[in-house]
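I opened the notebook to look up a few features of one structure. The sequence and model come first, then the entries.

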Amino acid sequence: MFDKILIANRGEVALRIMRAARELGVKTVAVYSTEDADTLPVRYADEAVCIGPAPATKSYLAMPNIIAAATTTGAQAIHPGYGFLAENADFARACMDNDIVWIGPSPDCIEAMGNKSVARDTMKRCGVPTVPGSIGTVDTVEEAAEFAAKVGYPVLIKASAGGGGKGMREVHDPADLEKEYQAAKTEAAAAFGNGDVYLEKLVLRPRHVEIQILADDFGNRVALCERDCSIQRRHQKLLEEAPSPALDAETRRAMGVAAIKAVRAVDYRNAGTIEFLLDQDGKFYFMEMNTRVQVEHPVTEQITGTDIIKEQIRIAAGEPLACAERAPFTPYGHAIEFRINAEDPDHNFMPSPGTITKFTLPAGPGIRVETYLEEGARISPFYDSLIAKLIVWGYDRAEAIARAKRALSELEIEGVKTTISFHQKVLGIPAFERGEAYTDFIETEMGE
């Protein structure tokens, strides 16, 4: 096991990793921008190093500064968390070149699965179900039109090099293809520095269901059940639950088998997530792989009793998975995660930076809150607006929903606008209570 690791991130995920490391007896190094100098993760860590001014490009994305911080503090490994440099193959290589262990998959895996068109082609070859799509990137409007005519409208144009809904356009009418194609390429180039796009047949009203996987150097490959992330706004997840209310035991097993096939195909190590689209006939299709831990990992931890962050650290330290002996997993109970953001849901989710003047957290059985904030803390306009993740667990889905309603009513945050009221509205919608949430849930059930 390591003696000391550096966390190349900030906010709640940095604190989450530090707490897991402390339980393993591993010391931690925080890195921070001048904007984050007085935040809880900086105070919690055993050591802290300032790596630059507030803009992320000059601090949390400044690879030389982070490598230097690890070298000078004697950190043996770097955990990237999620966001920032978590899926940057060049940063992973820079760590390895400086004799620092990268707590994550190999750079080759990051590149292979980070390019979505390449990843889809890889999955197709190894027998994982995929949505009908173009072979590789589509470089001209004429090629796009030819593919769309072949598979039929609607189609989906997707950025090859990124995610989060950027560079993604639905096309339902041939007359709109050229406009949307050019818009997708422009947005992809701006967001990822790569304007390549590919096309897929658009699956209408799917659910977004993903499998959490862990793999070590001893041949252990584990699927930790599934998460349902169908409630989204502009392809950004807002609420996640596990297990999915749409999956029966047979589909869960088949999806887990497909996820392990994907892991084997690229010789994957560490934690990752295989994301699928589930259509209304119960068929599922590979969408993408995230080569890092995800924001919503706590719901999987709650239903499997597995600490995913600890497992990541163990794998990187050359140890076998502690959870391997419990596989295959059957979900125990039901968990739901609510992303509490500093945004105004009544005004198109506009960011709401500012100072938190009141911060009262819910408590009681089955309630977990992941946050790095406290009263008097400031929500910075420079970074993600996530205030906290509220995770509730219940013996079944009905209890989890009832507990969520109670917890949200007790969660008090003043000084900034938050998404608490949005989540309360979601819980009151009959379609959600019935477990009938598709990726268009907000548009169809909540309107504007």
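How many nonpolar, polar and charged residues does the lining of the largest cavity have? I counted 10 nonpolar, 3 polar and 2 charged residues there. Here Ala, Val, Leu, Ile, Met, Phe, Trp, Tyr, Cys and Pro count as nonpolar, Asp, Glu, Lys and Arg as charged, and the others, Gly among them, as polar.

Before going on, I noted that this is a predicted model, where local features need pLDDT of at least 70, side-chain atom pairs count only at pLDDT 80 or more, and totals for chains, interfaces and linings use all residues. Residues are numbered from 1 along each chain as its sequence is written, and side-chain values use heavy atoms, with hydrogens and water left out.

**Cavities**

I found that the structure holds 3 cavities of 30 Å³ or more. On a 1 Å grid over the protein atoms alone, a cavity is a set of points where a 1.4 Å probe fits but cannot get out; a pocket is an open set with protein on both sides within 12 Å along at least five of seven lines, and lining residues have an atom within 4 Å of a point. Grid points are joined across faces, edges and corners, and a volume is the space filled by probe spheres set on the points.

The largest cavity has a volume of about 60 Å³. It is lined by 15 residues, and Asn9, Arg10, Val31, Pro41 and Val42 are the closest to its centre. I looked up the elements: α1 (11–23), β2 (27–33) and α2 (40–44) each supply at least two residues of this lining. Helices (H or I, at least four residues) and strands (E, at least two) are DSSP runs, numbered from the N terminus.

**Second largest pocket**

For the second largest pocket I noted about 340 Å³ of space. Its lining has 16 residues, with Ala223, Arg252, Arg253, Pro328 and Phe329 nearest the centre. β10 (221–233) and α9 (249–265) each give at least two residues to the lining, and α9 has the largest share, with 6 residues. By class, I have 11 nonpolar, 2 polar and 3 charged residues for this pocket.

**Helix contact**

I next looked at α1 and α11 (residues 308–316), whose axes come within 9 Å and cross at roughly 65°. Axes are lines fitted to C-alpha atoms, for helices over the stretch in contact, and angles run from 0 to 180 degrees between N-to-C directions. On the α1 side, the contact (heavy atoms within 4.5 Å) includes Arg16 and Ile17, and on the α11 side Ile309 and Ile313 are among the residues.

**Backbone**

The peptide bond from Tyr153 to Pro154 is cis, with omega near 0°, and Pro154 sits in the loop between α7 (141–151) and β6 (155–159). A cis bond also joins Ala242 to Pro243, with omega near -5°; Pro243 belongs to the loop between β11 (236–242) and α9. Asp267 is not a glycine, yet has a positive phi of about 50°. I place Asp267 in the loop between α9 and β12 (270–278).
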